[in-house]
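Let's walk through a model together, one feature at a time. Have the viewer open and ask as you go.

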Amino acid sequence: PNFLSDTLTSCTDPLKAIEEFQLENGVLLPSLRPMLPLLDLHGVRRLDFHASVLEELREKLVKRINEIGSERNGEKGSGDKRLKDMLSKSFPAVRVPALRPVVMCILRNTPHIDEEYLKVLVKEKELYNSADTEVKRQIWKDNQSLFGDEVSPLFSRYIMEKEQVLFDHLNLNSLFFSPSPKVRRQGEVVQKLAHMIGHSVKLYDMVLQFLRTLFLRTKNIHYCTLRAELLMALHDLEVQDIISVDPCHKFTWCLDACIREKNVDIKRSRELQGFLDSIK
């Protein structure tokens with residue numbers, strides 16, 4: 001806009017300047033040029049035409065980038081190289097709203113984003129907010145305070161919701177104990193935390209550290225419940241990277257089965273006792 005404004009204010013023939021601008025910045029397709037006057041006759045503005053072309057190209061680009069991302073594992077690294085090449089060429093356009101979805105799509109499909117790009121996203125809030133969770137995970141791994149800012153409202157919301165149900169004196173049929181464990185961990189907060197963590201052991205450890213600190217500070221047992229529900233939510237999602245290294249997984253899984261069946265048989269009783277004995 002500034003370039004066009006400067007050109008129009010400094011030129012001697014505005015109509016010629018506009019025509020030159022259209023030729024230089026329009027779709028460079030010779031066969032298209034004779035068709036543009038036809039669009040003019042139908043009242044289709046050049047802006048609307050170019051916006052529709054941009055939208056169509058953007059959708060095709062995003063689709064192709066996602067295909068490259070899904071093919072990446074089978075191509076032994078060639079997909080990664082293509083994505084990195086595209087990222088280096090397209091990232092300067094990340095501040096252009098119309099082109100940002102393409103850049104964000106490349107970032108989302110890039111498993112290891114270079115630090116130089118992540119720093120820009122952290123520095124500019126608008127870009128950070130536009131980034132997908134897959135991209136933010138790579139930022140959070142090395143930025144514990146930023147990750148804490150993201151999960152803290154979720155912790156507070158979880159505690160508030162639990163206490164509202166538990167202390168609801170107007171409802172004589174309290175629903176606090178009635179839902180099954182599996183239903184409880186389908187709650188929005190638990191599912192959102194599980195999505196934010198993904199398969200990252202480092203982010204999971206950060207969440208456990210936050211919960212441990214909050215519990216020691218407040219003695220609120222709902223933080224312990226959240227820790228167990230989050231672990232079992234990841235169990236349901238079969239996130240082996242995390243559940244295989246959490247020493248509480250088998251104990252929580254066994255206890256979850258007992259609560260679900262409303263019964264603790266001799267076998268499970270011995271299993272639970274064995275877990276407790278192992279931490280002495």
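A: Let's start with histidine 249, which is found in helix H16 (residues 249–261); helices here are DSSP runs of H or I with at least four residues, strands are runs of E with at least two, and both are numbered from the N terminus. Keep in mind that this is a predicted model, where local features need pLDDT of at least 70, side-chain atom pairs count only at pLDDT 80 or more, and totals for chains, interfaces and linings use all residues. Residues are numbered from 1 along each chain as its sequence is written, and side-chain values use heavy atoms, with hydrogens and water left out.

Q: Is histidine 249 buried or exposed?

A: The general idea is a cut-off on relative accessible area: under 20% is buried, over 50% is exposed, and in between is partly exposed (1.4 Å probe, protein chains only). Histidine 249 has 8%, so it is buried. Lysine 250, also in H16, has 58% and so counts as exposed.

Q: What does the side chain of histidine 249 make a polar contact with?

A: A polar contact is a pair of N or O atoms within 3.5 Å; within protein, one must be able to donate a hydrogen and the other to accept it, and residues adjacent in sequence count only if both atoms are side-chain atoms. Here the partner is the side chain of histidine 235, at 2.9 Å. For plain contact, meaning heavy atoms within 4.5 Å, histidine 249 touches Leu231, His235 and Ile243, leaving aside residues up to four places away in sequence.

Q: Which residues of H16 are buried, and what do they pack against?

A: An α-helix has 3.6 residues a turn, so residues three or four places apart point the same way. In H16 the buried set is His249, Thr252, Cys254, Asp256, Ala257 and Cys258. Packed against them are helix H11 (181–184), H14, H15 and H17.

Q: How do I check the span of a helix?

A: The expected span is 1.5 Å times one less than the number of residues. H16, with 13 residues, reaches 18 Å from its first C-alpha to its last, close to the expected 18 Å.

Q: Which residues of H13 are buried, and what covers them?

A: Leu203, Tyr204, Met206, Val207, Leu208, Phe210, Leu211 and Leu214 are buried in H13. Their cover includes helix H9 (133–140), H10, helix H12 (188–197), helix H14 (222–236) and helix H15 (240–243).

Q: Where do I look for a positive phi?

A: Most residues other than glycine have a negative phi, and most peptide bonds are trans. Just after H13, lysine 219 takes a positive phi of about 60°. H16 is followed by lysine 262, with a positive phi near 55°; lysine 262 sits in the loop between H16 and helix H17 (266–278) and, at 77% relative accessibility, is exposed. Glutamate 238 isn't a glycine either, yet has a positive phi of about 60°. Glutamate 238 lies in the loop between H14 and H15 and is exposed at 59%.

Q: How many aromatic pairs does the structure hold?

A: Rings of Phe, Tyr and Trp (its six-membered ring) pair if their centres lie within 6.5 Å; planes under 30 degrees apart count as stacked, over 60 as edge-to-face and the rest as tilted. The structure holds four such pairs. One of them joins phenylalanine 91 and tyrosine 117, tilted at 55° between the planes and 4.7 Å centre to centre. That pair links distant parts of the chain, 26 residues apart: phenylalanine 91 is in the loop between helix H5 (78–90) and helix H6 (100–108), and tyrosine 117 is in helix H7 (residues 115–123). Phenylalanine 91 is buried at 8%, and tyrosine 117 is buried at 10%.

Q: What about the rings of phenylalanine 147 and phenylalanine 210?

A: Their centres are 6.3 Å apart and their planes are at 40°, so this pair is tilted. It also links distant parts of the chain, with phenylalanine 147 in helix H10 (residues 144–166) and phenylalanine 210 in helix H13 (residues 201–218), 63 residues apart. Phenylalanine 147 is buried at 0%, and phenylalanine 210 is buried at 18%. Ring pairs link Trp140, Phe147 and Phe210 into a cluster.
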